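Biologist: I am new to this structure. Please show me how to read its features one by one.

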Amino acid sequence: MGKLARFAGSEYGKMIRSQFKDIEGGSELAMLAAPSIEELEQLKKAVAIMTPDEKEKADSLTDEQVQRIAADAQIDPANLAIFINVYALHAKRRS
């Protein structure tokens, strides 16, 4: 979580996000390097309600599990899915 929070809401983070905007104004890829304060808070809410087993096996959560966690945390399921999928890729790259 610390790496994600590093640029959250900062001017540098805003610059990074603006560099990655698509033609519709979205910047999903940039949220991984510089999440907004709101996105970071959503992720914190999701992690806070995850069980120890879900946290330990976050890289292998199913789509249904991610959707349930997002619904329980009352956050955007797409944002949580992006973070979980990138975490899974990062975990597999380390192994």
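Modeller: We will go from the fold to the core and then to the charged pairs.

Modeller: This is a predicted model: local features need pLDDT of at least 70, side-chain atom pairs count only at pLDDT 80 or more, and totals for chains, interfaces and linings use all residues. Residues are numbered from 1 along each chain as its sequence is written, and side-chain values use heavy atoms, leaving out hydrogens and water.

Biologist: How many helices and strands does the protein chain have?

Modeller: Helices (H or I, at least four residues) and strands (E, at least two) are DSSP runs, numbered from the N terminus. Here the protein chain has seven helices and zero strands.

Biologist: What share of the residues is buried?

Modeller: Buried means under 20% relative accessible area, exposed over 50%, and partly exposed in between, with a 1.4 Å probe and protein chains only. In this protein chain of 95 residues, 33% are buried.

Biologist: Which residues touch the most other members of the largest nonpolar core?

Modeller: A nonpolar core is a set of buried Ala, Val, Leu, Ile, Met, Phe, Trp, Tyr and Cys residues joined through side-chain atoms within 4.5 Å. The largest one has 16 residues, and Leu61, Ile69, Ile75 and Leu80 touch the most other members. Helices H4, H6 (63-73) and H7 (77-94) each supply at least two residues of this core. The largest share, four residues, comes from H6.

Biologist: What does Leu80 touch?

Modeller: Contact means heavy atoms within 4.5 Å. Not counting residues up to four places away in sequence, Leu80 touches Leu43, Ala46, Val66, Ile69, Ala70 and Ile75.

Biologist: How many salt bridges does the structure hold?

Modeller: A salt bridge is a side-chain nitrogen of Lys or Arg within 4 Å of a carboxyl oxygen of Asp or Glu. The structure holds four. One of them joins the side chains of Glu41 and Lys44, at 3.7 Å, N to O. These two are separated by about one helical turn, because they are three residues apart in helix H4.

Biologist: Which residue forms a salt bridge with Arg68?

Modeller: Glu54 does, with the closest N and O atoms 2.2 Å apart. This pair links distant parts of the chain: Arg68 sits in helix H6 and Glu54 in helix H5 (residues 52-56), 14 residues apart.
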